[in-house]
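Here's a quick walk through a protein model, from a couple of single residues out to the overall fold. Have the viewer open as you read.

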Amino acid sequence: MTNDAKTSARQAFRRARGQHLFRAIWTALNGESNELLKWEEIRRKLRAGTPIYRGVQSVEVALIQGSVNRYRDFDRAFMPSQAHTRARWWSIGEARYSDVDLPPVQLYKVGEVYFVMDGNHRVSVARQLGQEFIDAEVYESRVRVPVRPDISPESLDVISEKLDFVEYTGIDELRPAVDIELSLRGGYY
């Protein structure tokens, strides 16, 4: 790696950490969540089916909203929230600045949202460097309710209630074009 790549990667990491701190303050002041979605919570609450391999695809980086295991290491924008990620982040950043091809990340897909199985640092570096798409091996889990990129940890209970409603009524099979949206918890009962 060149010294330019090392310097650029270190500067990019400092910017990413600064953006994380700004986002943490901003979301706290606005009462919003800055957390990545947790795969296990989504899988359990939305009763996601067994993942099916969909091959290598080009995935929009902005649609990657969660992680399987590293959800504490990055914030909702995939900026590093922990200092211990620095060395790994730097090495990925140096590779990107040196135009080294990196292997595809591995993602779970639920609805329109993706969760990182492998490649959290590659996603973080891609987000910081403004990369719009990333190559990924995609494994899709089906659910009976829409899951959109604006999903938040706080909205999971309402979506879970919607799933109960859909399963109880079978409305998704009776009227596939109908999508009933309620935003208040308890509204589907």
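In which helix does R15 lie? R15 is in helix α1, where helices are DSSP runs of H or I with at least four residues, strands are E runs of at least two, and numbering starts at the N terminus. A word on provenance: this is a predicted model, where local features need pLDDT of at least 70, side-chain atom pairs count only at pLDDT 80 or more, and totals for chains, interfaces and linings use all residues. Residues are numbered from 1 along each chain as its sequence is written, and side-chain values use heavy atoms, with hydrogens and water left out.

**Two residues**

Back to R15. Setting aside neighbours within four places in sequence, R15 is in contact (heavy atoms within 4.5 Å) with Y97 and Q128. The C-alpha atoms of R15 and M79 are separated by 9.2 Å, though the two are 64 residues apart along the chain.

Now for E140, which sits in strand β6. Its side chain is joined to that of R54 by a polar contact of 3.0 Å; such a contact is a pair of N or O atoms within 3.5 Å, where within protein one must be able to donate a hydrogen and the other to accept it, and residues adjacent in sequence count only if both atoms are side-chain atoms. Not counting residues up to four places away in sequence, E140 touches T50, P51, I52, R54 and K109.

For exposure, buried means under 20% relative accessible area, exposed over 50%, and partly exposed in between (1.4 Å probe, protein chains only).

| Residue | Relative accessible area | Class |
|---|---|---|
| R15 | 41% | partly exposed |
| E140 | 15% | buried |

**Cores**

A nonpolar core here is a set of buried Ala, Val, Leu, Ile, Met, Phe, Trp, Tyr and Cys residues joined through side-chain atoms within 4.5 Å. The largest one has 23 residues, and V59, I64, F78, W89, L107, V123 and I134 touch the most other members. Elements giving two or more residues to this core include α1 (3–30), β4 (105–110) and β6 (133–141). A second, separate core holds 17 residues, among them I42, V145, V147 and L156.

**The whole chain**

Zooming out, the protein has six helices and six strands, in the order α-β-α-β-β-α-β-β-α-β-α-α from the N terminus. Of its 189 residues, 42% are buried. Among contacts with a separation of 6 or more, 78% come from residues 24 or more positions apart.
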